[in-house]
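Hello,

Here is the structure I promised to pass on. Have a look first, and my notes follow below.

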Amino acid sequence: MRAEHRMVEGRRAFMRRSGAVAGLGMAGAAACLSGGGHARAQAPAVLTREQVRTLVLVCRDIYPHDQIADAIYEQVVGDFDARAAGDSELARVFAEGLRDLDVAARSVAGRRYVDVVADRTRSLVLERLQSGDFFQVVRGGLVRGLYGNPAVWKALGYEGPSARFGGYLTRGFDDIDWL
Amino acid sequence: MAARYAFDDDHVVVVVGSGAGGGTVAADLALKGVEVVLLEAGRRFDIDDFENDEWASFEKISWLDARTTSGSWQIARDFPGLPAWIVKGVGGSTLHWAGATLRLQPHEFKARTVYGGIAGTSLLDWPISLEELAPYYDRAEFRMGTTGTNGIPRLPGNNNYKVFAAGAARVGYRRVHTGNMSINSRPRDGRASCRQIGFCFQGCKSGAKWSTFNEAIPRGEASGKLEVRAESQVLRILHDDSGKATGVEYVDHGGNIRFQKARVACVAGNSIESPRLLLNSASGRFPDGLANSSGQVGRNYMRHTTGAVFGVFDRPVHMYRGATMAGIIEDESRLDTKRGFAGGYELETLSLGLPFLAAFLGPGQWGRDFTWVLDRYANMAGLWIVGEDMPRESNRVTLNPDVKDRYGLPVANVHVDDHPNDIAMRAHAHDRGTAIYDAVGALATLRTPPFPSTHNLGTNRMSEKPRDGVVNRWGQTHDIPNLFVSDGSQFTTGGAENPTLTIVALAMRQADYIARELSAGNL
Ligand SMILES: Cc1cc2nc3c(=O)[nH]c(=O)nc-3n(C[C@H](O)[C@H](O)[C@H](O)COP(=O)(O)OP(=O)(O)OC[C@H]3O[C@@H](n4cnc5c(N)ncnc54)[C@H](O)[C@@H]3O)c2cc1C
Ligand code: SF4
């Protein structure tokens, strides 16, 4: 839930900047993270295709899982885009964050983020941004979007809802055999 | 048949909050023939509303209204708007409690005497002893159907328990079992037995787990004396010129402001909302809030010394299969000050689904080290630490004048600075938890900081002398005889045990007292 709170803090910071009253609670956080839904094949609403490509790589670099396909990370980025379409402050965070990201990549590696080949080097670039709103919004959205996705549950070995299958009473709640 | 009472019926006892404390005191009074109106801020859920999905459930049943934090505790950094994890709904936090049902130990009622005066604490002895509470513990365990009591067999151990128990045996622990759980190990009291669904924190879909939602409240309603009004949030407690409570002002499900008269009022909104309600009820006569002549309302906030340890193995565990917390090591809860801290702690099995594990494992962490662990999710085992934390006057719930709720009332701010004793205990417990998993061949172990507080205690504490606390040995406020506190905020100190059994036992005892005093004409 830190994710949300980071997000709330980020939003508080925007609100402070825009002169509004701070004080969003979890409800606001929940609302701002519950957004969107599914992978979209269509063109992004706010982000450019180039920005989408960069964001997908950022997402994979924050939470790298080799067994998880790009399409899953793309869904999270699709949700970011959909939310940014209805939230100009969020759109600005993405725009500014992506610009700062490339500035940092150029200073660390002399090229744009997507063109930095070594994972380690891209991590160094991200470290420079990790306390800012952009990084926290992306990471927070990922915690929810990635680890809340049943396709990811499956890939990482979490079986998800069980009541509809009668629980685990007869499905291995005590089947450990290696102790 | 559930009762119906008029707003101006001043014979009723009004109870605010329907969780462990409020649901119990309301039902027990009704069963004794007392007329009760129970006001609950949250909705009345149905068992079909519970979801086997951590975030969906969290968003549906939790208390999400704004709160703020301050102090040096890590929660203020990790979850600044969410100091506590509490339910808003009929049944309160017993909807998502895990069911661990433990008695306090005799010495824990005398913390000040036994631990001595520890600098920087406000330790105090309870005004009651274990012997006084024991008959109510008996009664509560029977009603809750606690395993390991009343001849009720314990639950079978799940995979997470088996790893935990094997490690515990290797490091020499002896008091290890699947817990005293208020979860049916066989059908009982009209409720089914546990199906090992594994979403105890999300609301039990088989009804095996006890809650006031599925036991006390329906029983109270069947007596014909209890009226439950859901989606009714109390804003203020009112009083007359003589200083007696006269009723409560609340917002009903339609958004209308209502006034319910009352002969007695019982506050049971959990340890953040209860002091907030007393403070928000300040009046010309009581400018510092109701029942606050001592200045103690909101102080001495406790949340247990907690943390978790997860072990990663090279073979599958599937910790999430089965009851979430049915496993305990009791050895470290003993009285033993040679470990470098006062008080003791329990170790209990804990599993989180992937969504919550990702959020709680290392708040803020990212990169390959983090995903290396989650890639091995199926091979993880987990345990939780619950230990006695030190009460401090400065750890407190106050009103935050800068942030208002939708009714225009200041929200609660929760300020905590960990005492050095808490830090030493947490470090010790993290080490022991790590040793347990290392003993069974963990590839890696991870120590997690506290989650938003699930045990919230002490902010209207019980004291012998009126100047030291808010309520007396019956939970009756020192200042206002017909105003009671019926939830965990009464705790003088927290002990090492999960608090709900003690909350329920105190509420049962309080109901006996109120009924007695009503018939004697004293209230
Ligand atoms: C995930 C989790 C697991 C847990 N597991 C265990 C366990 O295994 N063992 C254990 O002993 N304890 C456990 N607990 C703790 C336990 O749930 C609480 O200690 C207990 O429910 C507290 O009882 P209470 O009466 O103080 O408050 P609650 O049960 O929280 O009830 C308070 C109620 O009051 C309502 N309310 C608040 N303010 C107002 C108002 N102004 N007007 C109207 N209504 C109001 C709230 O909506 C809520 O429904 C767990 C808690 C959590 C979150
Ligand atoms: S494990 Fe048992 S108590 Fe927990 S949700 Fe399942 S059936 Fe209910």
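Predicted model: local features only at pLDDT ≥ 70, side-chain atom pairs only at ≥ 80, totals over all residues.

How many residues does the contact take from chain A and from chain B? The contact, meaning heavy atoms within 4.5 Å, takes 53 residues from chain A and 54 residues from chain B.

Before the rest, some ground rules. Residues are numbered from 1 along each chain as its sequence is written, chains are lettered from A and ligands numbered from 1 in the order in which they are written, and side-chain values use heavy atoms, with hydrogens and water left out.

Back to the interface: chain A and chain B bury about 4700 Å² between them, 62% of it on carbon and sulfur atoms. That area is the accessible area (1.4 Å probe) that two parts lose on being put together, summed over both. Four salt bridges are counted between the two chains, each a side-chain nitrogen of Lys or Arg within 4 Å of a carboxyl oxygen of Asp or Glu. A:Asp175 and B:Arg321 meet in a salt bridge through their side chains, at 3.0 Å from N to O.

As for chain A, it has eight helices and zero strands, taken as DSSP runs (H or I, at least four residues; E, at least two) numbered from the N terminus. Its mean pLDDT is 83, with 77% of its residues at 70 or more. Over residues 1-40 of chain A, though, the pLDDT is below 50.

Best wishes

Terms used. pLDDT = per-residue confidence, 0-100.
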